[in-house]
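The sequence and structure come first, and the notes follow.

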Amino acid sequence: MDFGWTTSDDAYRAELVSFLTQELPNNWWDSFAYDGPSGPELMNNAGSFNRKLAQKDLIVRHWPQAYGGQDAGAWKQIIVSEEMWSRGEPRSSLYLGANWAGPAIMKFGTEAQKHRFLRPIADGEVLWCQGFSEPEAGTDLANMKTRAEPDGDGYVINGSKVWTSYAARADTMFLLARVGATGKGGVSCFILPVDAAGITVRPIPAIHSPHDFNEVFFTDVRVPADARLGEEGQGWDIVTTILHYERIGAARYEFSRRTLDHIVTHLKARGLFDDPAIRGECSKALAEVEAARLLTYVVIDGRAKNLPPSADTYVARYSMIQADHAVANLSSTYLPDLLTHDGDGMLRAHFTAAITAGIAAGAAEVQLNMISGRYLGLPHGA
Ligand SMILES: Cc1cc2nc3c(=O)[nH]c(=O)nc-3n(C[C@H](O)[C@H](O)[C@H](O)COP(=O)(O)OP(=O)(O)OC[C@H]3O[C@@H](n4cnc5c(N)ncnc54)[C@H](O)[C@@H]3O)c2cc1C
């Protein structure tokens, strides 16, 4: 494995950084990015930002040419992720479409679905949300109860989802609903507009953001048959494939790395960085961050070589969680006054994102279960 960036990778990053430097508003961290990528100001800004990004062909260059990309590959995608996520993800939930919903449609969709859904992602015109979790089905996703009953030439959906990020302002939902059987075998995927008749979105203010979470209720929501992605009952296969993309889709380590640099600047300004114990803690946090980066690059290397997803994804994800927590512990221990509303927008945005690390995209303990079984080959406990 070669860790060096190619000349083309360096040029791509430079192009992206130049665009971001020019396009992000001056008060980016203290206003727009302060509440995370689901904050109303950031989501509003994402509309025009994403269209400009599309004009420069900077959204899906990693996609195959057949779908509007340039076959630029997995390394270009991680460069985008590093530059975007470390700036508070100015695309908002467009990243869901570009990172995994789009690839899922490429792999499992009909030609008509590819035509309908992929172009708007490439053009930066659609914000996605992900309706998986339910009140009794988070980690135990196979227990989900939302149903899609076949009815004439389509389906009627009833049930509810919870913790649905972005739903209050997103355009399109990637939904899991049950057709027929219980357990994994009945899970099916649907793609539908969030403003479809019968959908109600109710925000849930949370400690990490007053705007991120939502409950979504489905009451006799009628969708056509071609809203279903893949076959009836194929949803579990689709989801287990795409969750590999989701788990390391956001380059959280790069946000932690830049936040750590920012923390060190504050510590120096306050004379605290002269304390050897504090320097030691900063060094340990840096080691966690760089371990997460390298473990993520192992996964990207496999993807670039078209290898099937492997348990490396869980190791990388768990390492990112550790890195987030190490950096957030520094800001909460030594710079707590900067985590308030009048404090430092970047530190606050990182800290609140770190609160959710280890829960979102699958609990930390579940990643450890996967590592013990699929990576280390240990037997299930009694
Ligand atoms: C910021 C954020 C954004 C989110 N966005 C979305 C979204 O957009 N769409 C969506 O569908 N969902 C979303 N979620 C929900 C997320 O996927 C779930 O919270 C997560 O899967 C855990 O499910 P749960 O909350 O039901 O917790 P539970 O499944 O009840 O788990 C609670 C805790 O129990 C322990 N636990 C549970 N099962 C096991 C096990 N098998 N082994 C060991 N320990 C276990 C773990 O400590 C776990 O943290 C989001 C969550 C967060 C925090």
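How many nonpolar, polar and charged residues are in the lining of the largest cavity?

## The cavity

By class, four nonpolar, four polar and one charged residues make up the lining of the largest cavity. The model is a predicted one. A search of the whole structure turns up one cavity of 30 Å³ or more, and the largest cavity has a volume of about 50 Å³.

The residues that line the largest cavity are Gln77, Ile78, Ser81, Asn99, Tyr245, Ile248, Gly249, Ile300 and Arg303. At least two residues of this lining come from each of helix 4 and helix 9. Helix 4 contributes the most, with three residues.

## The second largest pocket

The second largest pocket holds about 730 Å³ of space. Its lining consists of 28 residues, and those nearest its centre are Ala74, Tyr245, Arg303, Ala304 and Asn306. Two or more lining residues come from each of helix 4 (74–85), helix 5 (94–108), helix 7 (235–247), helix 9 (276–304) and helix 10 (312–334).

Sorted by class, the lining of the second largest pocket has 14 nonpolar, 10 polar and four charged residues. Domain 1 (7–127) and domain 3 (251–375) each supply at least three residues to this lining. Tyr245 and Arg303 are among the residues nearest the centre of the pocket, and Tyr245 and Arg303 also line the largest cavity.

## Aromatic pairs

There are 15 aromatic pairs in the structure. One of them joins tyrosine 155 and phenylalanine 190 in an edge-to-face arrangement, with 5.1 Å centre to centre and 75 degrees between the planes. Because tyrosine 155 lies in strand 3 (residues 154–161) and phenylalanine 190 in strand 5 (residues 187–193), the pair ties together parts that are 35 residues apart in sequence.

Are tyrosine 155 and phenylalanine 190 buried or exposed? Buried means under 20% relative accessible area. Tyrosine 155 has 4% relative accessibility, so tyrosine 155 counts as buried. Phenylalanine 190 has a relative accessible area of 0% and is therefore buried.

## A ring cluster and a charge over a ring

Trp5, Trp75, Tyr253 and Tyr297 are linked into a cluster by ring pairs. Tryptophan 5 also has a charged neighbour: arginine 13 lies over the face of tryptophan 5, at 5.1 Å from the ring centre.

Methods: Residues numbered from 1 in each chain as written. Predicted model: local features only at pLDDT ≥ 70, side-chain atom pairs only at ≥ 80, totals over all residues. Heavy atoms only, no water. 1 Å grid on protein atoms, 1.4 Å probe; cavity = no way out; pocket = protein on both sides within 12 Å on 5 of 7 lines; lining within 4 Å. Points joined across faces, edges and corners; volume = space filled by probe spheres on them. Helix = DSSP H or I, 4+ residues; strand = E, 2+ residues; numbered from the N terminus. Nonpolar A, V, L, I, M, F, W, Y, C, P; charged D, E, K, R; others polar. Domains from an automatic or database assignment. Phe/Tyr/Trp six-rings, centres within 6.5 Å; stacked < 30°, edge-to-face > 60°. Buried < 20%, exposed > 50% of the residue type's maximum accessible area, 1.4 Å probe, protein only. Lys NZ or Arg CZ within 6 Å of the ring centre and 35° of its normal.
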